[in-house]
Amino acid sequence: MSVNGVTNTMANSYTPSVATSTKAAEAAKAAEKTAEDVGVVYEPSNATDSKSEKMTDYSSIVSGLKQELSTKNQQLQNLVNELLGKQAKKYTSLADLFKNLNPDPATIAQAQKDIGEDGYWGVEQTSDRMVSMAQALSGGDPTKADEMIAAIKKGFDQATKAWGDDLPDICKQTIDAAVSKMEKWRDGLTAEE
C-alpha cells in the first residue's frame with residue numbers, strides 16, 4: 001500500500017467539519033505531491049564486494065582440499081598406530097593376544113559359520129567385497145587394476161606386519177582370490193575393448 005493510498009483512505013474515512021475540510025484537503029494534496037516527488041532511488045555502490053568476486057581457480061581449491069584430507073588421514077593413521085603400539089607393548093604381537101583366548105562353544109560355532117564357504121567373512125564374500133571396493137575406487141577403469149592389486153598386496157603385508165606372525169590361511173586365500181578376480185576383471189575388460 002502506498003503513502004497515497006493511506007492518505008486517501010484516511011481522508012475519505014473521516015468526515016471533517018466544513019471549516020477544517022479545506023485545510024484537510026490542502027494537507028492531503030500536499031502530502032500526495034510530497035510522496036510523488038520523493039521516492040526511493042536505487043544507487044548502486046561503487047565499492048567492490050569481496051563476496052561478489054567469485055573464485056574461478058578451482059584447481060587450487062581442489063589441491064587444498066586434497067592436502068587437508070591427506071593431513072587428516074595421516075593424523076588418523078598416526079593415532080591408530082600409536083594406540084596399537086601401546087597395546088603391542090603388552091603383547092609381543094597381535095597373534096599372542098589371540099592365543100590365550102578361551103571362547104565358549106557358541107562363539108566358536110558362530111565364528112566357524114561366519115568364515116565358512118558361504119559365510120560373510122568367508123573367502124568368496126570377502127574377496128568379492130574387496131574387488132567391488134577396488135573397482136569403485138578405480139572408477140570402473142580396468143587399466144587401474146594393477147594399481148589396485150598392488151594396494152591389496154600392500155595392505156596384506158601391513159596386516160601381516162601388524163599381526164606379528166604369518167596371518168591365518170583364510171587371509172592368504174582371501175587375498176589370492178581377490179587378486180585373481182582383479183586380474184580376470186582387468187584381462188576380461190581389456191580384451192573386450
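Colleague: By class, how many residues in the lining of the largest pocket are nonpolar, polar and charged?
Modeller: In this predicted model, the largest pocket has a volume of about 510 Å³. Its lining is made up of 17 residues. By class, that lining has no charged residues, three polar ones and 14 nonpolar ones.

Colleague: Which helix gives the most to the lining of the largest pocket?
Modeller: Helices α6, α7 and α8 each supply at least two residues of this lining. The lining residues that lie nearest the centre of the pocket are Trp-163, Leu-167, Pro-168, Ile-170 and Cys-171. With five residues, the helix that gives the most to the lining is α7.

Colleague: What span should helix α7 have at 1.5 Å a residue?
Modeller: Helix α7 runs over residues 145-163 and has 19 residues. The expected span is 1.5 Å times one less than the number of residues.

Colleague: Over what arc around the axis of α7 do its buried residues lie?
Modeller: Ala-145, Met-148, Ile-149, Ile-152 and Phe-156 are buried in α7. They are on the same side of α7, because the arc they cover around the axis is only 105°. On the other side of α7, the exposed residues are Glu-147, Lys-154, Asp-157 and Lys-161.

Colleague: Within what arc do the buried residues of α6 fall?
Modeller: In α6, the residues Val-123, Thr-126, Ser-127, Val-131 and Ala-134 are buried. Seen down the axis, they line one face of the helix, because they fall within an arc of 135°. Met-133 and Ala-136 are exposed on the other side of α6. The arc for the buried residues is therefore 135°.

Colleague: Which residue follows α6 with a positive phi?
Modeller: Helix α6 has 15 residues and reaches 21 Å from its first C-alpha to its last, close to the 21 Å expected at 1.5 Å a residue. The residue that follows α6 has a positive phi, near 70°, and is Gly-139.

Colleague: Is Thr-174 buried or exposed?
Modeller: Thr-174 has its place in helix α8, residues 169-192. Not counting residues up to four places away in sequence, Thr-174 touches Val-123, Thr-126, Ser-127 and Met-130. Buried means under 20% relative accessible area. Because its relative accessibility is 8%, Thr-174 counts as buried.

Methods
Residues are numbered from 1 along each chain as its sequence is written. This is a predicted model: local features need pLDDT of at least 70, side-chain atom pairs count only at pLDDT 80 or more; totals for chains, interfaces and linings use all residues. Side-chain values use heavy atoms; hydrogens and water are left out. Helices (H or I, at least four residues) and strands (E, at least two) are DSSP runs, numbered from the N terminus. Buried means under 20% relative accessible area, exposed over 50%, partly exposed in between (1.4 Å probe, protein chains only). Contact means heavy atoms within 4.5 Å. The arc is that of the directions from the helix axis to the C-beta atoms. On a 1 Å grid over the protein atoms alone, a cavity is a set of points where a 1.4 Å probe fits but cannot get out, and a pocket is an open set with protein on both sides within 12 Å along at least five of seven lines; lining residues have an atom within 4 Å of a point. Grid points are joined across faces, edges and corners, and a volume is the space filled by probe spheres set on the points. Ala, Val, Leu, Ile, Met, Phe, Trp, Tyr, Cys and Pro count as nonpolar, Asp, Glu, Lys and Arg as charged, and the others, Gly among them, as polar.
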